[in-house]
Amino acid sequence: MKYFKFLITGIFFGIVMTKSEAISWYRIQEMFRFDSFHMYGIIGSALITGILFIQIIKLFNLKDISGKKN
Amino acid sequence: MIELLSQPWPWYISGPLIAIVMILLLFFGGSFGVSSNLRSICSIAGAGKRISFFNYNWKGEIWNLIFVLGAVIGGFTSSFFLENPNPININTNTIIDLKSLGISFDGNILPHEIFNWKFLFSLKGFLILILGGFFVGFGSRWAGGCTSGHAINGLSNLQIPSLIAVIGFFIGGLIVTHFIYPLIF
């Protein structure tokens, strides 16, 4: 089943978003009131990790599972 | 193990895990961006017959709908099996500010005054929730993406348009929090 891997990735994403409390209305309020670092930490560390991964992919010319380059 | 996972996950664990989700989707031939599903759903509902923006091969985007379905299942899974027994740790200043607007904090992730059926079917609640939803949908499509697509995927690819979009989202959030909330709540 070609969609199964997307379902599993989605479930993982849902768990991360819930457990990190990033889905919380209060966490978002806290962010916009500059009362907590939590949300900035999540976005910031996701970004730094993301940039790092993307640079590695570009550096080594890595391809996806269908052989397509990104 | 379950006990450990049931604690709130710190930002420095959660953030990199979100980046891993983005990379997994890229590896599977997709691309991380949740709001493009809104476009797919409009196309599936037949909007492509009238508006060319919705006239495209949405079948190639089914993977993304499956991803979002998974995210919903994941949310349920966390809520039922990995529930944090303690109230979430929100800064007291935020709680006091919100209380002065008439929004209480009972330790849950959402304020029960806003997210309930009775409020939705009141005039004020209907306007806030439906108009709010409309703005989110319209804005994210107009910008070509939401927080996931622009802030995580776009910025990770060092895209300037994504940076502009994210700055815009943030300014919008600040304006609503500090100027619109005191008017509507």
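What follows is a walk through the two chains, the contact between them and a few individual residues.

## The two chains

A quick word before we start: this is a predicted model. Of the 70 residues in chain A, 43% count as buried.

Chain B also has zero strands, with nine helices. Starting from the N terminus, its elements go α-α-α-α-α-α-α-α-α. The box around the C-alpha atoms of chain B comes to roughly 50 × 45 × 35 Å along the principal axes, and 25% of its 185 residues count as buried. If you take the contacts in chain B between residues at least 6 apart in sequence, 52% of them join residues at least 24 apart.

## Where the chains meet

## The largest nonpolar core

The largest nonpolar core has 31 residues, and the ones touching the most other members are A:Val16, A:Ile42, A:Ala46, B:Ile18, B:Val21, B:Met22 and B:Ile152. At least two core residues come from each of these: helix 1 (4–19) and helix 3 (38–59) of chain A, plus helix 2, helix 4, helix 8 and helix 9 of chain B. Which helix gives the most? That would be helix 2 of chain B, with nine residues.

Leaving aside neighbours within four places in sequence, B:Val21 is in contact with A:Thr9, A:Phe12, A:Phe13, A:Val16 and B:Phe32.

Helix 9 of chain B has 25 residues, which at 1.5 Å a residue should span 36 Å, and the 34 Å between its end C-alpha atoms agrees with that. Look along this helix and you'll find a kink of about 35°, centred on B:Val176. Its buried residues are B:Ser162, B:Ala165 and B:Val166, and they pack against helix 8 of chain B.

Over in helix 8 of chain B sits B:Ala151. Is B:Ala151 buried or exposed? The count is 21 other C-beta atoms within 10 Å, and 20 or more is the mark for buried, so B:Ala151 is buried. Setting aside neighbours within four places in sequence, its contacts are A:Ile43 and B:Val166. B:Ala151 and B:Phe169 are 18 residues apart along the chain, with 9.5 Å between their C-alpha atoms.

## Residues worth a second look

The loop between helix 8 and helix 9 of chain B holds B:Leu158. This residue has a positive phi of about 55° although it is not a glycine. B:Leu158 has 11 C-beta neighbours inside 10 Å, so it counts as exposed. Chain A has a residue with a positive phi too: A:Asn61, whose phi is near 55° and which is likewise not a glycine. You'll find A:Asn61 in the segment after helix 3 of chain A, and it counts as exposed with 8 C-beta neighbours inside 10 Å.

Last stop, B:Gly46, in the loop between helix 3 (36–44) and helix 4 of chain B. Why does B:Gly46 count as exposed? Because there are 9 other C-beta atoms within 10 Å, and exposed means 12 or fewer. From B:Gly46 to B:Thr147 is 101 residues in sequence and 26 Å in space, C-alpha to C-alpha.

Key: Residues numbered from 1 in each chain as written. Chains lettered and ligands numbered in written order. Predicted model: local features only at pLDDT ≥ 70, side-chain atom pairs only at ≥ 80, totals over all residues. Helix = DSSP H or I, 4+ residues; strand = E, 2+ residues; numbered from the N terminus. Core = buried A, V, L, I, M, F, W, Y, C linked by C-beta atoms within 7 Å. Contact = placed C-beta atoms within 7 Å. Expected span 1.5 Å × (residues − 1). Bend = angle between axes of the 7 residues up to and from the residue.
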